[in-house]
Amino acid sequence: MSKTYEDFYDEVLPYLPGCTPALAKVAIRNAVIDFCEGSLIIQRDHDPVTVIEGIIDYDFEPPTGYLVTKIMRAWYKDVELTPKAPDELPAVLIYNTSYPNAIVSKSDPTIITQKDERTLTLYPHPKETAALGLTMRVALKPTRASTTIDDVVFEDYAEVIGHGAKYRLMSAPQKPFTSPDGAVASKTFFDEGVNVARQRATRGYVRSDLRVVIPRI
């Protein structure tokens, strides 16, 4: 199920006299995007991807209205891939296989990197075509053109999103609702909410509290 950005109005408009619903909606959407990107709270199993022999670049296919903000875990067949940032991969073959004397060796991919919110890269070049061979758990965020958001964001974090929208609107100069002090307070509440949600996203709902184990001497 999903909620519209208008569903968040009660957390924003009563506190900002003179703010139009249109302005509030833009601020709410931007707050939701920042919240999802910072907290990684919306995680889904990406549809399995068919890996093609010799091809290393693939497009994400997230649900409509979403982008992939981060690959959380990934497997080629049943072997977990090592995540790397693009600048951690020294192999020129990732960027150019046409240089003189280039030798493209093929093997089972062991590394995955996310070039941007729309594409991923495997390395080394796959030695064979593997139907539905790539499995991924990904974190999502809504697009700028989205009109709805997963209802967990509304049910669990509506007040946090409201603060995220309010600090943006209160920061706008020379508006009836401009309030530098209010903006600072709302930004603090928003950042705290992002941190709480990220801990939940990272540790899940069923893991026990973290404890420090003191080794015996």
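Helix 1 (residues 21-39) and helix 3 (residues 180-203) of this predicted model have axes that come within 8 Å and cross at roughly 45 degrees. The two helices are therefore oblique to each other, where angles under 35 degrees count as roughly parallel, over 145 as roughly antiparallel, 65 to 115 as roughly perpendicular and the rest as oblique. Axes are lines fitted to C-alpha atoms, for helices over the stretch in contact, with angles from 0 to 180 degrees between N-to-C directions. Helices (H or I, at least four residues) and strands (E, at least two) are DSSP runs, numbered from the N terminus.

The contact (heavy atoms within 4.5 Å) involves Ala 31, Asp 34, Phe 35, Glu 37, Gly 38 and Ser 39 of helix 1, together with Phe 190, Gly 193, Val 194, Ala 197, Arg 198 and Ala 201 of helix 3.

Four strands form an open sheet in the order 2-11-4-5, with antiparallel pairing; two strands pair if DSSP finds at least two bridges between them. Strand 2 (43-51) and strand 5 (79-80) are the edge strands, each pairing on one side only. Six bridges join strand 2 to strand 11 (residues 130-142) in the antiparallel sense, and Asp 45 stands opposite Arg 137 in strand 11. Helix 1 also lies across strand 4 (66-76) and strand 11, running at about 130 degrees to strand 11.

Residues are numbered from 1 along each chain as its sequence is written, and side-chain values use heavy atoms, with hydrogens and water left out. In this predicted model, local features need pLDDT of at least 70 and side-chain atom pairs count only at pLDDT 80 or more, whereas totals for chains, interfaces and linings use all residues.
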